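Q: I am new to this structure and would like to learn how to read a few of its features. Could we take them one at a time, with the general idea before the case?

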Amino acid sequence: MSELLKDKIERLRAEAQNLHANTAEEVEALRQKYLSKKGDVSLLFEDFKALAKEQKAQWGASVNQLKQQFESQIKQMREDMEAKVQTIAYKEDLTRTPDSIGLGARHPLSLVREQIINIFSRIGFTVADGPEVEDDKHVFGMLNFAPEHPARDMQDTFFVEKEEGVQKPTDILLRTHTSSVQTHAMIQWAKQLQSATCNLQPATCETFQPLRILCPGRVFRNEAISARAHCFFHQVEGLYVDKNVSFADLRQALLYFAKEMFGPDTQIRLRPSYFPFTEPSAEMDISCDLCGGKGCAFCKGTGWVEILGCGMVDPNVLESCGIDSKVYSGYAFGMGVERIANLKYRVKDLRLFSENDVRFLEQFESC
């Protein structure tokens with residue numbers, strides 16, 4: 001009997017060393033085969049009972065050791081199988097994105113816009129915002145555009161019809177410049193000046209503050225889309241109104257901006273121009289940073305590159321907003337964000353800014 005029991009133990013020990021399963025069901029089948037009440041290891045205890053008393057001590061330890069070996073092997077197989085299932089479940093998580101999400105980048109226009117705002121905020125300008133859908137009064141009328149003034153042809157406007165089928169343009173339109181924000185701001189500022197306290201001594205009134213705002217935003221013009229033009233683009237306009245504001249103040253603010261944006265060696269040039277809402281008006285050029293003002297293909301051999309328009313606020317504009325032009329004066333300026341971005345990053349095609357080409361945007365990850 002002892003020899004027979006010994007053969008069974010040796011055979012089962014060899015099987016324990018070679019246990020293998022591919023699924024949880026196969027692991028459970030092995031447990032049933034060897035460790036259930038009618039399993040091969042459990043049946044050894046039936047043979048163990050038939051042994052003589054002096055032999056039980058010898059073989060009892062061997063049978064218990066075999067049982068522990070099977071229990072340990074099957075436990076390890078079950079743990080390995082559970083870990084494998086969790087790994088597969090993680091890999092097949094349908095809620096995960098199919099590809100890894102790369103590092104994003106800020107849009108070049110956002111980078112330039114924020115840089116412009118930061119530069120002017122250092123000299124006291126605050127940001128003002130307004131609606132993109134405006135009326136003719138705030139976009140043109142209060143900015144010295146007469147109803148039949150030829151200057152209205154300078155900007156091809158998108159008009160909004162009030163009723164279906166109406167052929168005649170209405171006074172509702174998509175703003176062609178962010179100067180409409182300036183008209184709202186000047187009207188509110190004029191109301192503050194008319195308050196009882198400030199009306200007595202504006203210069204010493206604690207609540208009196210000069211109007212110094214920056215108006216960034218999107219504007220719309222009915223133009224053909226090309227490498228140099230688009231039907232929508234972005235502007236940043238500035239306005240400063242106070243007592244004794246002069247053209248010299250305007251020039252100094254713009255020189256400071258040019259040096260901060262394009263480098264300390266940048267020079268500016270102001271050329272006479274015309275805008276209905278400023279008088280006198282000027283176009284501002286900066287010295288070409290590629291050739292140092294010597295002349296190159298980028299600046300067309302002139303050594304200068306135009307970046308913005310500016311001027312002193314026309315007295316008619318101040319009066320239309322309720323501000324006494326005999327007491328107060330101001331300056332205004334406006335620049336295209338795309339124009340500044342073109343100069344800063346050497347982007348030749350304006351359409352790249354709005355086409356969302358990832359290959360183009362990825363170039364600004366480090367900015």
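This is a predicted model: local features need pLDDT of at least 70, side-chain atom pairs count only at pLDDT 80 or more; totals for chains, interfaces and linings use all residues.

Q: How are helix 5 and helix 9 oriented to each other: parallel, perpendicular or oblique?

A: The axes of helix 5, residues 108-121, and helix 9, residues 247-262, come within 10 Å and cross at roughly 135°. Angles over 145 degrees count as roughly antiparallel and 65 to 115 as roughly perpendicular, with the rest, beyond the roughly parallel ones, as oblique; helix 5 and helix 9 are therefore oblique to each other. Helix 5 passes helix 9 in a right-handed crossing.

Q: Which residues meet where helix 5 and helix 9 are in contact?

A: From helix 5 come Val 112, Gln 115, Ile 116, Ile 119 and Phe 120, and these meet Ala 253, Tyr 256, Phe 257, Glu 260 and Met 261 of helix 9. Sorted by kind, the residues of this contact divide into 8 nonpolar, 1 polar and 1 charged.

Q: Where does a cis peptide bond occur, and what is its omega?

A: Most residues other than glycine have a negative phi, and most peptide bonds are trans. Here a cis peptide bond joins Glu 279 and Pro 280, with omega about 0°, and Pro 280 is placed in strand 8, residues 278-287.

Q: What is the phi of Asn 144, and what is that of Asn 356?

A: Asn 144 is not a glycine, yet its phi is positive, about 75°; this residue lies in the loop between helix 6 and strand 3. Asn 356, also not a glycine, has a positive phi of about 55°, and its place is in the loop between helix 11 and helix 12.

Q: Is Asn 144 buried, partly exposed or exposed, and which of these is Asn 356?

A: The reading rests on relative accessible area, where buried means under 20% and exposed means over 50%, with partly exposed in between. Asn 144 has 27% relative accessibility and so counts as partly exposed, whereas Asn 356, with a relative accessible area of 54%, is exposed.

Definitions and conventions
Residues are numbered from 1 along each chain as its sequence is written. Side-chain values use heavy atoms; hydrogens and water are left out. Axes are lines fitted to C-alpha atoms, for helices over the stretch in contact, and angles run from 0 to 180 degrees between N-to-C directions. Helices (H or I, at least four residues) and strands (E, at least two) are DSSP runs, numbered from the N terminus. Angles under 35 degrees count as roughly parallel, over 145 as roughly antiparallel, 65 to 115 as roughly perpendicular and the rest as oblique. A crossing is left-handed if the near helix is turned anticlockwise from the far one by less than a right angle, and right-handed if clockwise. Contact means heavy atoms within 4.5 Å. Ala, Val, Leu, Ile, Met, Phe, Trp, Tyr, Cys and Pro count as nonpolar, Asp, Glu, Lys and Arg as charged, and the others, Gly among them, as polar. Buried means under 20% relative accessible area, exposed over 50%, partly exposed in between (1.4 Å probe, protein chains only).
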